[in-house]
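Visitor: I'd like to learn how to read salt bridges and cavities in a model. Can you walk me through it?

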Amino acid sequence: MQLKLNIFPKLIVLFISIFLISNVMAYEEPQYTVIKKNSVYEIRYYKDRLAVQTTYNSDGGGFRKLFNYISGSNKRSNKKNIMTSITESEKIAMTIPVTQTEEGKKMVMQFYLPSNYTIESAPIPNDSKVKIVHIEGGYFAVIQYSGRSTEKNFIKHKRILREKLIDDGIEIKSKGIKATYNGPFTIPILRRNEAMFKINIK
């Protein structure tokens with residue numbers, strides 16, 4: 001009887017995590033083509049895409065600004081007739097992954113915009129520190145790992161990826177990009193995290 005009671009809470013946690021993962025998997029993710037795959041990393045080709053971006057100090061603050069934007073802290077001009085322009089806000093669906101990278105002494109965080117948006121149709125952020133950016137497509141080397149989305153875990157896998165790319169003679173064109181796919185309530189062993197570099201393929 002005691003054994004069953006001990007197992008019950010673990011089953012609840014497992015079911016909740018599966019539910020959260022299912023919800024995350026329903027979120028839109030930028031489409032890519034896998035060009036090559038080995039035991040350490042895979043090379044993907046991404047097309048051009050749009051993102052909403054903010055720059056922040058290492059003490060955080062980026063996520064809240066971007067979440068506020070997709071939650072309606074924005075404006076769009078809906079021209080219903082020639083004489084009148086009605087300004088409205090718009091809620092935008094969350095996508096995956098959330099990406100982070102360094103820019104000088106600052107950090108940059110990005111949410112990708114759903115594919116139905118263009119640079120013209122994307123709502124304008126209310127916060128001047130939030131920008132709509134065009135991300136140029138290209139080839140990216142990606143290593144995937146589970147566990148917590150900590151800086152220590154990211155640095156470890158970024159180093160593994162960088163060393164393997166250098167060994168393979170592949171030119172790295174960007175700083176490391178941290179990609180997070182799951183929320184904080186997902187069991188660490190079931191999380192999907194990635195470290196990425198933009199690369200040059202000859």
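Visitor: Which residue forms a salt bridge with Glu29?

Guide: Before that, some ground rules: this is a predicted model, where local features need pLDDT of at least 70, side-chain atom pairs count only at pLDDT 80 or more, and totals for chains, interfaces and linings use all residues. Residues are numbered from 1 along each chain as its sequence is written, and side-chain values use heavy atoms, leaving out hydrogens and water. A salt bridge is a side-chain nitrogen of Lys or Arg within 4 Å of a carboxyl oxygen of Asp or Glu. Here the partner of Glu29 is Arg192, with the closest N and O atoms 3.1 Å apart. Arg192 sits in the loop between strand 12 and strand 13, and Glu29 in the loop between helix 1 and strand 1, so the pair ties together parts 163 residues apart in sequence.

Visitor: Which residues are linked in a network of salt bridges?

Guide: Glu29, Lys37, Glu42, Arg44, Arg192 and Glu194. Within it, Arg44 pairs with Glu42 at 2.6 Å between the closest N and O atoms, and with Glu194 at 2.7 Å, N to O.

Visitor: Is Glu194 buried or exposed?

Guide: Buried means under 20% relative accessible area, exposed over 50%, partly exposed in between (1.4 Å probe, protein chains only). Glu194 is buried at 0%, and Arg44 is buried at 1%.

Visitor: And what about empty space?

Guide: Rolling a probe the size of a water molecule over the atoms shows where empty space is left. A cavity is a set of points, on a 1 Å grid over the protein atoms alone, where a 1.4 Å probe fits but cannot get out; lining residues have an atom within 4 Å of a point. The lining of the largest cavity includes Glu29, Tyr46 and Met196.

Technical notes
1 Å grid on protein atoms, 1.4 Å probe; cavity = no way out; pocket = protein on both sides within 12 Å on 5 of 7 lines; lining within 4 Å. Helix = DSSP H or I, 4+ residues; strand = E, 2+ residues; numbered from the N terminus.
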